[in-house]
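This report describes side-chain packing, aromatic pairs and salt bridges in one protein model. The sequence and structure are shown first.

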Amino acid sequence: MDTTEEKPSKAVDIYRDTWVRFLGYANEVGEAFRALVPVSLVWGSYAVATAYVTADAVDKGKKAAVAHGDNPGKTTRVAVAVVDTFVWQALASVIIPGFTINRVCAASLYLLGRTTKWPLPVRKWTTTAIGLSTIPFIITPIDRSVDFLLDSSLRKVYNEGEKHE
């Protein structure tokens with residue numbers, strides 16, 4: 001007698017449930033390393049994060065198109081899915097965290113220069129370590145803040161109760 005029950009498996013979202021999700025954090029890592037690497041590498045990290053955001057938005061649009069079949073309003077629903085995902089991801093994965101890590105690192109480098117006699121390379125590596133260690137702490141507050149911002153503004157425009165998922 002087999003007593004195991006099969007639970008319905010949730011579809012894996014490659015952009016949310018796999019290692020691909022970490023590509024959205026590329027620009028934060030780039031900002032943390034800004035003091036040590038050429039600025040072109042930092043901009044490259046933004047290109048990776050932006051590609052991730054765009055791919056996720058396109059994926060959500062395709063999923064919305066399949067979900068709504070040939071129903072009336074399909075084009076609108078697809079556009080809403082793409083815009084909502086793109087705006088949310090752009091703010092929560094690229095713009096706000098990139099700015100936050102940039103400012104944390106700039107302030108750290110400045111304060112280390114004013115308060116220590118450490119050599120510049122040590123201050124730069126310390127700044128990078130501070131920036132990298134800050135990333136896990138800013139993710140959830142930024143995500144929640146962007147949810148609140150979109151729920152209070154853009155999502156009211158297209159009258160959607162659905163958040164990006």
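## Salt-bridge network

A network of salt bridges links Asp13, Arg16, Asp56, Asp59, Lys60 and Lys63, a salt bridge being a side-chain nitrogen of Lys or Arg within 4 Å of a carboxyl oxygen of Asp or Glu. The model is a predicted one, in which local features need pLDDT of at least 70 and side-chain atom pairs count only at pLDDT 80 or more, while totals for chains, interfaces and linings use all residues. Residues are numbered from 1 along each chain as its sequence is written, and side-chain values use heavy atoms, with hydrogens and water left out.

Because Asp13 lies in the segment before α1 (14-17) and Lys60 in helix α3, the pair ties together parts that are 47 residues apart in sequence. Helices here are DSSP runs (H or I, at least four residues), numbered from the N terminus. Both Asp13 and Lys60 are buried; buried means under 20% relative accessible area, exposed over 50%, and partly exposed in between (1.4 Å probe, protein chains only).

## Salt bridges of Arg155

The count of salt bridges in the structure comes to 11. Among them are two that involve Arg155: one with Asp151, the closest N and O atoms being 2.8 Å apart, and one with Asp147, where the corresponding distance is 3.9 Å. Arg155 is buried, with a relative accessible area of 3%, and Asp147 is buried as well. Asp151, by contrast, is partly exposed at 31%.

## Nonpolar cores

The largest nonpolar core has 13 residues, and those with the most contacts inside it are Trp88, Ala92, Ile101, Ile142, Val146 and Leu150. Such a core is a set of buried Ala, Val, Leu, Ile, Met, Phe, Trp, Tyr and Cys residues joined through side-chain atoms within 4.5 Å. Helices α4 (74-115) and α5 (120-152) are the elements that give two or more residues to this core. The most comes from α5, with six residues.

Val146 touches Trp88, Leu91, Ala92 and Ile96, leaving aside residues up to four places away in sequence; contact means heavy atoms within 4.5 Å. A second, separate core of nine residues includes Tyr15, Ala49, Val53 and Val94.

## Thr127 in helix α5

Thr127 is located in helix α5 and counts as buried, at 1% relative accessibility. Not counting residues up to four places away in sequence, Thr127 touches Cys105, Ser108, Leu109 and Leu112. A polar atom of the Thr127 side chain lies 2.9 Å from the backbone oxygen of Arg123.

## Aromatic pairs

Four aromatic pairs are present in the structure. Rings of Phe, Tyr and Trp (its six-membered ring) pair if their centres lie within 6.5 Å; planes under 30 degrees apart count as stacked, over 60 as edge-to-face and the rest as tilted. One of the pairs joins Phe22 and Tyr25, which is tilted, with 6.3 Å centre to centre and 50° between the planes. Phe22 is exposed at 58% relative accessible area, whereas Tyr25 is buried at 13%.

The pair of Trp43 and Tyr46 is also tilted, because the ring centres are 5.7 Å apart and the planes lie at 40°. Both residues lie in helix α3 (residues 39-68), three residues apart, about one turn of the helix. Trp43 is exposed, with a relative accessible area of 55%, and Tyr46 is buried, at 17%.

Methods
Polar contact = N/O pair within 3.5 Å; in protein donor to acceptor, adjacent residues only side chain to side chain.
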